[in-house]
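Biologist: I am new to this structure and would like a short tour of it. Could we go through it together?

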Amino acid sequence: MTTSSSEHGVSLGMPELPAPAYPDDVRERLERDAREIIARYPDSRSALLPLLHLVQSEEGHVTRTGMQFCADVLELTTAEVTAVATFYTMYRRRPSGDYQVGVCTNTLCAVMGGDAIFEELQEHLGVGNGETTGDGKVTLEHIECNAACDFAPVVMVNWEFFDNQTPASAKRLVDDLRAGRDVEPTRGARLCTFKETARILAGFPDERPGAVEEGGSAGPASLVGLRLARGEAAPARVVHPRNGGPHDEPQNRQVHEPSPTEHLSSHDAPQDTSASDPAHLAGPAAEEGE
């Protein structure tokens, strides 16, 4: 007896129907925005990335309708547009929440507590990676790197930084987002929805009063390399002798003035660590909001 493919749970299927078109008024508005974006580039194909952000701002994710729109206005095939939309993780392929909560689980953030934060948020919210809470407020995902290692562990909400997080502060953060309470990033502009963020990433100005002036800044550790490259020497540091001599006599002190190009390592001046000194535990410098 032969067994049909359907009995094995395999469907040969039919060709997918064409993507539904945007309503006329929506398409007219998007076409107007698209012309403005395309005009910025000498080659219209270069406008594909911001156009994908544009259609994402319409529905909160990149739909087949959005990809067809991009293909139409740029005279590309849908296969060409799909190849780009599926390559970059900033383009969502399914409905997502008002707030994209990304927890860095790359090396430094992971060892500083990022893995623990991500695991506790999954349990706290009842969702897995890339999933959205039932109220449509929060989509949780792990991110490979938020490019803010000097603030590890870092959480981002709609690409705004929340630094030096702990499992407790991260849970308070998502609870406040779901409750509609005001949430202020550690640095950078105040939060807006994911759709609004996508429109800004498409290249349109943030029209909220004062939002541009609230831009983020790099942390002190991020700027050390820049200062050294400019020839700005680091402050002189007192290094105690390592021959076992007394440390409390001024005549035994040695002042070491590093050159601008010298690599400063933890071996230059031994310090207590969390393994040897309970008063200097490793971890976030402060809780969120402190």
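Biologist: Which residues is His53 in contact with, leaving aside its neighbours within four places in sequence?
Modeller: His53 is in contact with Met90, Tyr91, Ala198, Leu201 and Ala202, where contact means heavy atoms within 4.5 Å. This is a predicted model, in which local features need pLDDT of at least 70 and side-chain atom pairs count only at pLDDT 80 or more, while totals for chains, interfaces and linings use all residues. Residues are numbered from 1 along each chain as its sequence is written, and side-chain values use heavy atoms, with hydrogens and water left out.

Biologist: Where does His53 lie, and is His53 buried or exposed?
Modeller: His53 lies in helix α2. Helices (H or I, at least four residues) and strands (E, at least two) are DSSP runs, numbered from the N terminus. His53 counts as buried because its relative accessible area is 9%; buried means under 20%, exposed over 50% and partly exposed in between, with a 1.4 Å probe and protein chains only.

Biologist: And what about Glu58, what does that residue touch?
Modeller: Glu58 also lies in helix α2. Not counting residues up to four places away in sequence, Glu58 touches Tyr22, Val26, Arg29, Leu30 and Lys195. With a relative accessible area of 21%, Glu58 is partly exposed. Glu58 and Glu196 are 138 residues apart in sequence, and their C-alpha atoms are 9.0 Å apart in space.

Biologist: How many residues are in the largest nonpolar core?
Modeller: That core has 24 residues, and Leu51, Leu52 and Val81 are those with the most contacts inside it. A nonpolar core is a set of buried Ala, Val, Leu, Ile, Met, Phe, Trp, Tyr and Cys residues joined through side-chain atoms within 4.5 Å.

Biologist: Which helices supply it?
Modeller: Helices α1 (24–38), α2 (48–59), α3 (64–74) and α4 (78–85) each supply at least two residues of this core. Leaving aside neighbours within four places in sequence, Val81 is in contact with Leu48, Leu52, Met67, Cys70, Ala71 and Leu76. There is also a second, separate core of 19 residues, which includes Phe118, Leu125, Ala170 and Val174.

Biologist: Turning to the surface, which residues form a nonpolar patch there?
Modeller: Leu49, Phe87 and Tyr88 form one, with about 320 Å² of accessible area together. Accessible areas come from the Shrake-Rupley method with a 1.4 Å probe, and for residues only the protein chains shown count as cover. Like charges are joined within 9 Å, and nonpolar side chains (Val, Leu, Ile, Met, Phe, Trp, Tyr) within 5 Å.

Biologist: Why does Phe87 count as exposed?
Modeller: Phe87 counts as exposed because its relative accessible area is 61%. Phe87 is found in the loop between α4 and β1 (99–104).

Biologist: Now the strands: what is their order in the sheet?
Modeller: The open sheet of five strands has the order β2-β3-β1-β4-β5, with mixed pairing. Its edge strands are β2 and β5 (160–162), each of which pairs on one side only. Two strands pair if DSSP finds at least two bridges between them.

Biologist: How many bridges join β1 to β3?
Modeller: Six bridges join these parallel strands, and Val101 has Leu140 as its bridge partner in β3. On the other pairing of β3, two bridges join it to β2 (residues 131–132) in an antiparallel manner, where Glu131 has Leu140 as its bridge partner. Strand β3 (residues 138–143) is mostly covered, with five of its six residues buried.

Biologist: What lies between β2 and β3?
Modeller: β2 and β3 form a hairpin with five residues between them, and Gly136 in the turn has a positive phi of about 75°.

Biologist: And how do β1 and β4 pair, parallel or antiparallel?
Modeller: β1 and β4 (residues 155–157) pair in the antiparallel sense over three bridges. Val103 stands opposite Val155 in β4.

Biologist: Last topic: which peptide bond is cis?
Modeller: The bond from Ala152 to Pro153 is cis, with omega near -5°. Pro153 lies in the loop between β3 and β4.

Note on methods
Patches are made of residues with over 30% relative accessible area and no salt bridge: like charges are joined within 9 Å, nonpolar side chains (Val, Leu, Ile, Met, Phe, Trp, Tyr) within 5 Å. A salt bridge is a side-chain nitrogen of Lys or Arg within 4 Å of a carboxyl oxygen of Asp or Glu.
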